[in-house]
Every structure is written in C-alpha cells, then in structure tokens.
Amino acid sequence: MSSVTRTSISKRRTLGYIGLSALGACIGLLFLLPLWWTFVNSLRAGGDTFRFLDPLQWETFFTLTPSLDNYAALLSSDLGLATWNSIFVSTVTVIIGLAICSMAAFALAAIPFKGSGVVFIVVVVSFLIPFDAIAIPLADLFRDWNLQNTYTGLILPGLGNGMAIFLLRTFFLAIPQDLVEAGRLDGLGWWGIFRRIYLPLSVPSLIGAGLTLFLFQWQSYVWPLLNGTDAQHILGPIALSNLQGQFNVDYGVMFAGSIVLTVIPLAIIIGFQRYFIQSVTTTGLK
Amino acid sequence: MNFLGPEDAATFAPVIKAFEAKNPDITVKYSQVPFDQLNSTLQQRLGAKDDTIDVYTVDQPRLSQLAAQGFLEDLSSLKDQTEAAVPEAQYSVNLYQDKMWALPVWNSTQLLFFNKTALDAAGVTYPSADPSERRTWEQIATDAKAVQAAGTQYGLLLEQVEAYYQLQPLAESAGGGSGITGKDNLTVDVTNPGWEKAMKWYSDTFASGLSPRGVGGFQTSPLFSSGKVAYFVGGPWDVGAFSKADVNWGVAPMPYFEGGSKATPTGSWSWGINPASKNKAAAKKFLEFASLDTAGNLATTEATTIIPANSAATEQYLPKLEALGGDHAKGLAKLIANENTETAKARPVTVGYIQFEEIMGKAFADIRNGSPVDERLKQAAQQLTDAWKQL
C-alpha cells in the first residue's frame with residue numbers, strides 16, 4: 001500500500017517536473033521568438049517583411065529562400081565602421097573603467113577613512129540618476145573642453161560607473177580580513193593587497209562589472225548624438241538608426257543590422273555567462 | 001563647412017559634389033542624425049551655440065519656432081531672388097515676422113496609389129490620373145470595400161497614419177480649416193464640424209476594418225508593395241520604391257470629401273544657417289546653390305525621389321519622375337504640377353507648431369484606435385490651449 005503511494009507520488013513528481021520543464025521551455029521560446037522573427041526577416045527582401053505576418057503562418061517564422069543580400073547591403077552602409085568604433089570604444093571603456101572602478105571599490109571596501117560612507121552614498125546615488133538626465137549639461141561641458149567629436153569624448157562618460165563600483169565593493173567586502181592581515185604581515189602595502197589579494201580573488205565580479213561597462217557603451221545612443229559625432233566616429237546604434245530613411249524603411253537591411261549588433265554582445269555574454277552568474281550569486285556572501 | 005541633416009549621406013552626395021566642383025576652395029562635410037532625434041539634437045546643439053554646425057536642414061513647419069529661438073541666420077537679403085525662383089507656398093513658408101530664415105530645397109505632395117491587380121479582381125474601375133476627375137473619399141471607401149470583399153486584405157491605407165501632414169487635407173477638405181486660427185496662429189480650432197466630420201470618417205475606416213490598426217507611420221508602404229492594400233495615399237518618394245517592387249500599381253490624385261474643397265499636403269525641407277557658424281559666407285553660397293540654382297537644386301533630388309522646390313528644377317524633374325514609374329505613373333508630371341499650384345495647403349506657420357503636431361499626433365493615434373472623436377478632439381484642444389498659454 002505504502003509502496004503504491006510512493007510510486008504515485010514519485011510519478012506525480014516526475015509529471016510535475018516534465019510539465020514545468022515544458023512550460024519553461026515554451027516561455028523561453030516565446031522570448032526567443034521576436035529575435036528569431038527578426039533573423040528570418042533579415043534573410044528576406046525588405047518588401048516581404050510584412051507579407052506573411054497576418055494571418056500567422058509557417059512562413060512567418062521560416063523562409064525557404066534565404067538570401068544574404070541584406071547583409072551584403074550593410075557593407076555599403078556605415079554600419080561596418082560603426083561596429084568597429086563601438087567595439088573600440090567599449091573595449092577601451094572596459095579596460096580603463098575596470099581599473100578605475102575596482103580601485104574605487106577597493107578604497108570603499110578595504111581602506112577605512114573618514115567619510116567613506118558618504119562617498120559610497122554619492123556613488124550609489126550617481127547610478128540611480130539616469131545618464132540621459134545629465135547628458136545635456138555634460139555635453140555643454142565637453143564642448144567647452146573641446147572633446148566634441150573625439151573618441152575621448154565618447155569614452156570618458158562610461159569610465160566611472162556607479163553600478164560597477166557598487167558590484168565590486170559588495171564583492172570585496174566578502175573577502176576575509178584575515179587574508180589582508182596575513183598580507184600585511186608579509187609586508188604588503190595597500191597597493192599590494194589590492195593587486196595580489198583582492199583582484200585575483202574577484203575575477204567573476206570583475207567580469208560582471210566589465211559587462212556592465214561594456215553594455216553601457218554598446219547601447220550608447222543619446223550621448224554620441226549630443227557629442228556631435230561625425231561619420232568617422234559613428235557608433236553602432238546611431239548607424240542602425242540611420243538606416244531608417246525618412247521616407248522609406250528597408251526593414252530587411254535594418255533587421256540584418258540589428259542582428260549584427262545583437263550577436264556581438266550576445267556572444268560576449270554567453271561566453272562569460274558562467275562568471276557573470278557567479279558574480280551575482282556570490283555577491284554579499286561571507 | 002559642416003552640414004547636418006537626417007538623410008542618408010548618399011542623398012546629398014551629388015549636390016555636395018556639384019557644389020565643390022564649382023567652389024574648389026570650399027569642402028562640405030555632411031553628418032547624419034537619425035530623423036527621430038533630429039529636432040532634439042538640434043535644440044540641444046544650437047542652444048549651446050555649437051559652431052560645428054554651419055548649415056542644417058529645417059523641417060518647414062518648425063521654422064518659426066527655430067527663428068524665434070534665434071537658431072537661424074536672417075537671409076532676408078535673398079528674399080526677392082527666392083520669391084522669383086520657387087512657388088508661392090514654398091516662399092512664404094520660410095518667412096517669420098516678415099524676415100526670411102531659410103531657403104526651400106524640397107517640396108512634396110500626396111498621391112493616391114492603387115493596386116491594379118486587386119481592383120481588377122473586384123471589377124472596380126481605375127481612378128484617373130487627371131486632376132479634373134478626382135474621386136471623393138466616399139467613392140474610394142465604397143470601392144475599397146468591394147476590393148476587400150474580393151480578397152485583398154486591406155482597402156485603404158494612409159502612409160503616415162498619425163501625422164498631421166497627411167491628415168490636415170482631410171479636415172481642410174471637410175471645411176474644418178487647418179485647425180489653427182487667430183492673429184498669431186495660436187488659437188486652436190479642431191472642434192469645428194469640419195474637423196469632426198473628417199475625423200469621424202477617418203475613425204470609421206479603422207473601425208470597419210478598411211484600414212489596419214497597429215501599423216505605424218512609414219511601416220505602411222511595404223504593405224502596399226507586397227500587394228495587401230487596394231488604395232494607398234503616399235508621397236512622390238513612393239514612386240521610386242514601388243517601381244522596384246513587383247506590385248502592379250497606378251497613380252491618381254488624392255481624393256476629397258464630396259461637396260468639399262480639394263486639398264493636398266505640401267511642404268518639405270528648407271536649409272538654414274546656424275547663427276553661431278564661423279563659415280557664414282560659404283554656408284550662404286552653398287544654400288543659394290542648393291535652392292536657387294536650378295542645377296544645384298536638381299542635384300538634391302538625384303538620389304531620392306522627391307520634388308525639388310525650385311520651379312525651374314521642378315519642371316525638369318517631373319517628366320523624369322514620371323519616366324521612373326514607367327506605365328504605372330502615366331500623367332504623374334501633370335498631376336503633381338497641378339497639385340503644387342492648385343490644391344497645395346501648407347501647414348500653418350506658428351511658433352506653437354511643435355506642440356500642435358505632437359498633441360494632434362497623439363489624438364490621431366487615439367482616434368484611430370477607437371477613441372470617441374468629439375471628446376478626443378476637445379481634449380486635444382484643451383491640451384493645446386494649456387500648452388500655448390506658456391509660450
């Protein structure tokens with residue numbers, strides 16, 4: 001009797017598990033659907049984008065005659081140069097930004113000084129204010145400093161990122177003080193402790209913070225417009241938006257551009273996914 | 001010299017090349033700003049006296065506001081020349097407080113495109129391209145329903161479904177006027193019987209399924225290209241696009257309401273000079289070339305199918321546009337020339353245009369989605385009155 005009950009319970013559990021997994025997979029697919037639709041339409045001529053949309057049919061989401069014409073058309077647009085510019089600007093931001101943010105986070109987490117709490121509050125508040133809100137006065141300052149239409153002008157606002165400092169500080173706080181004491185006994189100064197103890201232990205959270213910095217620049221749209229970037233300094237999102245003509249939109253080319261600009265951060269995030277999740281899950285653990 | 005606008009660089013490459021060939025000591029560098037961000041970007045950069053913009057494109061109905069803000073150089077010394085070179089509506093649209101602030105480069109109109117295959121399937125006769133045989137909206141709606149019944153998905157579609165530019169003629173034709181009156185053009189007038197009639201008719205086209213909801217402005221022409229729409233109201237730029245698509249189309253005058261007046265949209269872009277520019281002399285030369293010089297003005301339309309503002313250029317351009325459309329576009333040159341002088345109704349010149357366009361755009365969107373017309377127009381009028389009080 002009891003074994004029958006147990007079997008029925010375990011059966012029910014298995015069924016529940018399968019049901020939940022199927023539901024999860026369906027929801028996952030729903031999230032993927034718009035991206036997939038964009039991808040399929042990037043393989044179709046622009047005039048055909050809406051042809052199969054209503055009523056929904058199998059051809060809405062599949063095409064038997066894929067063509068790379070839209071991707072070829074991208075080559076003659078600004079998007080190629082813009083993608084390189086975006087990669088350059090984002091990479092420099094990640095490298096310099098990580099150096100700055102990790103040092104700031106270290107100072108806030110490990111070095112006791114008067115007013116560190118206030119500094120930390122300022123940092124937190126800084127990332128709660130949307131960047132767009134300060135972009136206009138900031139652009140005026142940059143113009144006065146002759147940083148308009150320069151790579152420096154594009155990179156600078158992305159370097160000090162409050163969110164990245166917050167993430168790193170929380171992680172640094174979890175590093176046992178005993179290790180710092182041991183380092184001190186071995187004659188390490190603050191720089192040595194930071195360089196030899198904190199950084200090597202914090203690779204996952206550095207990657208998490210790096211992704212935050214990367215995405216800030218990769219999606220940057222308002223700032224390059226305000227900063228008066230010309231065709232040589234153009235960034236990906238602007239070039240993509242420029243593909244939308246005033247009178248006619250070729251959705252095929254536009255979707256191809258979107259796919260290119262999506263695939264790059266997607267590859268980076270998937271590549272670092274493991275570390276990113278680790279950095280979030282271990283934040284605050286003691 | 002720096003030139004800023006919302007178009008693809010290829011659009012202005014021919015005029016820049018022609019200008020530089022004529023003026024070897026001046027080089028023009030063009031930067032593109034996405035259309036949706038053009039106004040906000042200009043506001044910010046011109047407001048900060050950014051001297052890296054010399055010449056920029058001016059959306060004609062926004063000219064008075066830009067001039068009032070001090071963002072445009074006074075070009076009144078070119079008044080007489082401009083008046084002689086362009087149609088009256090294209091001259092006066094550049095005036096604000098009796099001074100001229102920009103030179104007109106492009107003009108526009110709207111046409112009724114129809115899908116011949118779809119009309120044939122329903123046995124509906126083609127509308128004629130002759131302006132004297134202009135059809136009424138009532139006729140078109142009846143025919144469109146018949147075509148829809150014969151299997152075409154949508155009967156009628158306006159290219160910029162929620163834009164004042166395209167909907168103004170509906171109200172004008174129904175006797176409602178532009179929606180703005182008063183001495184300074186700062187009194188709202190969108191609740192009169194003409195406006196209500198036009199908007200009720202427009203609302204019905206969506207309620208009855210003649211036009212699709214949920215398709216935004218400028219997402220519309222691909223629907224016509226793919227053969228899903230019987231009648232499509234669009235601009236001359238569509239001639240270029242449709243001639244590349246495999247839909248069998250024809251063109252006719254934009255309809256009017258039975259018993260009402262005939263009205264079509266007009267106006268497009270002018271170019272102006274930034275008062276903070278350090279290259280004003282060169283900038284002025286460039287403007288004169290692009291607007292007042294026939295060959296220069298024609299060069300601005302080489303890469304995009306749009307009507308040049310200069311009258312002499314228009315005369316040379318229209319037959320070319322008709323030829324581009326081939327058999328589909330028979331009678332197009334005569335039709336556009338007629339609309340330019342006979343039916344064109346410019347958007348009102350007012351410093352309150354930006355708010356007007358924005359608030360009415362939202363009202364059009366709601367009306368299209370089923371908001372009660374009277375109430376929604378009253379609400380828009382109230383919002384506008386409040387917004388204009390602060391000017």
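Domain bounds here come from an automatic or database domain assignment. For chain B that assignment gives domain 1 (2–108 + 267–345) and domain 2 (111–265 + 348–388).

This is a predicted model: local features need pLDDT of at least 70, side-chain atom pairs count only at pLDDT 80 or more, and totals for chains, interfaces and linings use all residues. Residues are numbered from 1 along each chain as its sequence is written, and chains are lettered from A in the order in which they are written.

**Chain B: two domains**

The centres of domain 1 and domain 2 of chain B, taken over C-alpha atoms, are 26 Å apart. Their contact takes 28 residues from domain 1 of chain B and 26 residues from domain 2 of chain B. Two residues are in contact if their C-beta atoms, placed from the backbone, lie within 7 Å. On the domain 1 side, α3 (63–68), α14 (311–325), α15 (332–343) and β17 (344–345) of chain B each supply at least two residues. α15(B) gives the most, with 6 residues. Helices (H or I, at least four residues) and strands (E, at least two) are DSSP runs, numbered from the N terminus.

**Chain A: helices throughout**

Chain A has 14 helices and 0 strands. Its radius of gyration is 25 Å, well over the 19 Å that the globule rule gives for 286 residues, so chain A is more spread out than a compact globule. That radius is taken over C-alpha atoms, and the rule is 2.2 Å times the number of residues to the power 0.38. Along its principal axes, the C-alpha trace of chain A spans about 85 × 70 × 30 Å.

**Between the chains**

The contact takes 28 residues from chain B and 27 residues from chain A. Elements of chain B that give two or more residues to its side are β2 (29–32), α2 (35–47), α10 (221–225) and α11 (237–244). α2(B) gives the most, with 5 residues.

Ala, Val, Leu, Ile, Met, Phe, Trp, Tyr, Cys and Pro count as nonpolar, Asp, Glu, Lys and Arg as charged, and the others, Gly among them, as polar.

| Side | Touches | Residues by class |
|---|---|---|
| Domain 1 of chain B | Domain 2 of chain B | 13 nonpolar, 11 polar, 4 charged residues |
| Chain B | Chain A | 12 nonpolar, 11 polar, 5 charged residues |
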